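Trainee: I have this model open and would like to go through it with you. Can we take it site by site?

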Amino acid sequence: MDKKIISTYIKYIFFLFIIFNTNINSFAEQLDKHSSLSGGKTTRNDITSNAFSKPAKNLPIKYRQIFSEGNRLFKVEWGTNPNQKFYGLGPTFIQSSCINCHIKDGRSLPPEINEKGIGGLSIFLNNYYIDEENYGKKIDTRAINNVQVEGKINVDYEIISGNFSDGTPYKLLKPKFIIEKSNFGKLRNRIHGRVATSIIGMGLIETIPEELIFQWSDPYDNDKDGISGRPNIIYDPIVKKKLVGRFGWKASKSSIKHQVVSALHEDIGITTNFFPKNRCPKLQFNCKKELVNKSIEANDYIVDTISFYTSVIAVPARRDINNELIKNGRNLFISIGCAKCHIPNVKTGKNPNLQFAFLNNQYIQPFTDLLLHDMGEELAEYSKEGIANGKEWRTAPLWGLGLIQRVNGKIRLLHDGRARSIKEAILWHGGEAKNSRDKFLLMKKNKRKLLLKFLKSL
Ligand code: HEC
Ligand code: HEC
């Protein structure tokens, strides 16, 4: 063939490719094509309560050792005894190990109605307008001996009732965060709670090409579909420049390592080379006095090993994907606009870290665009994280959704765990997702069932 024919041929194929890709049905077709392997070749067929703790199926054997070591470090209880290997906890902190929040590498749970305290929540300050110098970003409800905790918080729930269009009633719980005590002066800001997420597929999320995230974004809603996601942009202390945020409920961390060093510092009170100073605000006198470990508490080896572990956890396979009811549910998911934000099919690119070559070029189904979306006033919490405003949240990945109950024993969804079921989580969607939510409200009961059946297969 001569060059001209070949080039026309290529253009034709490219043209077909574009048509295929802009067709909404392509979501469905691709979901079928890549079947149940939500995490590409990392996927594991595990539906036990350990479904969120397994190494990637394609983890090279040479890395098994570092995976187990990372697993151990994820579970280490940091203490205060200088004779221990892992010491330097606090002085104020939220929990003393990663696993205490990420239960079974899954989620933490908010307190039940009438339960005192904060359960597995982390309490964030809504410091969008004013910084809270005496406290920092979160309220530490625990502290080592002789040091005062920052505060005492309780959660109350308001019950909100409503009806589907067919008359079926529902009840939602809206949490209210009550400051029982603030030990270093009155808080000028309100506060909100967040649950820990599961850590499946983190490395795959990190390997999604940045260009793709920008392609999905549509900050001025040029396509006029009512959805205008934008990426968060944040300063990454590891590479010392601004990057697209990917992790956390507001996409406020750009890399897994960034998330890990922040967790060590902010949640457990452990210093690293990236955050070498203990968090002791001026007013917290005893905090400085009681510091036991004045050197770096988690060295680079610890940080890297935990980061490795956190990057390579398998995504569990989908179940029952050939069931016709589930396929119908999938079509509803697409037709009422859920897939516009919860993007099902993504191909990973190239992870900058050569160790993670096995995460490259994977066809995955994370069900997220990693973008920030205005989710309306009901979910709004004004904390300062990158460029995210109060109403904006990152589209939560939905892979593993159907196994949360099994891993956690309960299902609590959304950033503060307010939703007690998938149905409730959808009902809280507002802002850019209001259209989809309203279509859900209009659905007949049997259709709602199909949609939920599909979501439970993830
Ligand atoms: C006090 C509870 C708590 C502890 C302890 C904790 N985390 Fe988290 N973790 C959270 C919360 C809450 C979030 C969501 C943060 C946000 O919204 O910014 C999170 C988010 C994450 C994420 C991002 C998940 C995602 O879907 O984007 C990773 C990864 C992670 N944590 C790893 C760790 C590691 C590793 C440790 C131990 C060094 C740790 N965490 C300790 C509560 C905790
Ligand atoms: C405009 C974008 C957008 C659309 C459209 C959308 N969502 Fe979401 N979804 C989000 C965001 C953002 C969150 C996280 C909100 C929060 O935690 O406050 C979320 C959270 C969820 C959660 C809870 C996940 C978790 O980890 O707790 C479920 C379930 C969910 N969405 C399902 C759906 C379904 C089903 C639809 C269609 C009816 C839908 N979403 C439409 C953006 C969207």
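Trainee: What is 2.9 Å from a nitrogen atom of ligand 1 on the His102 side?

Mentor: A polar side-chain atom of His102 lies at that distance, 2.9 Å, from the ligand nitrogen, which qualifies as a polar contact, that is, a pair of N or O atoms within 3.5 Å, where pairs within protein also need one atom able to donate a hydrogen and the other able to accept it, and residues adjacent in sequence count only if both atoms are side-chain atoms. Keep in mind that this is a predicted model, in which local features need pLDDT of at least 70 and side-chain atom pairs count only at pLDDT 80 or more, while totals for chains, interfaces and linings use all residues. Residues are numbered from 1 along each chain as its sequence is written, chains are lettered from A and ligands numbered from 1 in the order in which they are written, and side-chain values use heavy atoms, with hydrogens and water left out.

Trainee: And which protein atom is a donor to the iron of ligand 1?

Mentor: The only protein donor is NE2 of His102, at 2.0 Å, where donors are N, O and S atoms within 2.8 Å of the metal (3.2 Å for Na, K and Ca), and sites may look incomplete because water is not among the atoms.

Trainee: Where does His102 sit in the fold?

Mentor: His102 is in the loop between H4 and strand E2 (122-125), with helices (H or I, at least four residues) and strands (E, at least two) taken as DSSP runs numbered from the N terminus.

Trainee: Switching to ligand 2, which residues are closest?

Mentor: Of the 26 residues surrounding ligand 2, the closest are Arg107, Cys338, Cys341, His342 and His429. The side chain of His342 has an N or O atom 2.8 Å from a nitrogen atom of ligand 2, the side chain of His429 likewise places an N or O atom 2.8 Å from a nitrogen atom of the ligand, and a polar backbone atom of Leu414 is 2.7 Å from an oxygen atom of ligand 2.

Trainee: What about the backbone, where is the peptide bond from Gly90 to Pro91 in terms of omega, cis or trans?

Mentor: The bond is cis, with omega near 5°, and Pro91 lies in the loop between helix H3 (64-75) and strand E1 (92-93). Most peptide bonds are trans.

Trainee: And the phi of Asp221, positive or negative?

Mentor: Phi of Asp221 is positive, near 45°, and Asp221 is placed in the loop between helix H6 (210-216) and strand E8 (233-236).

Definitions and conventions
Near = heavy atom within 4 Å.
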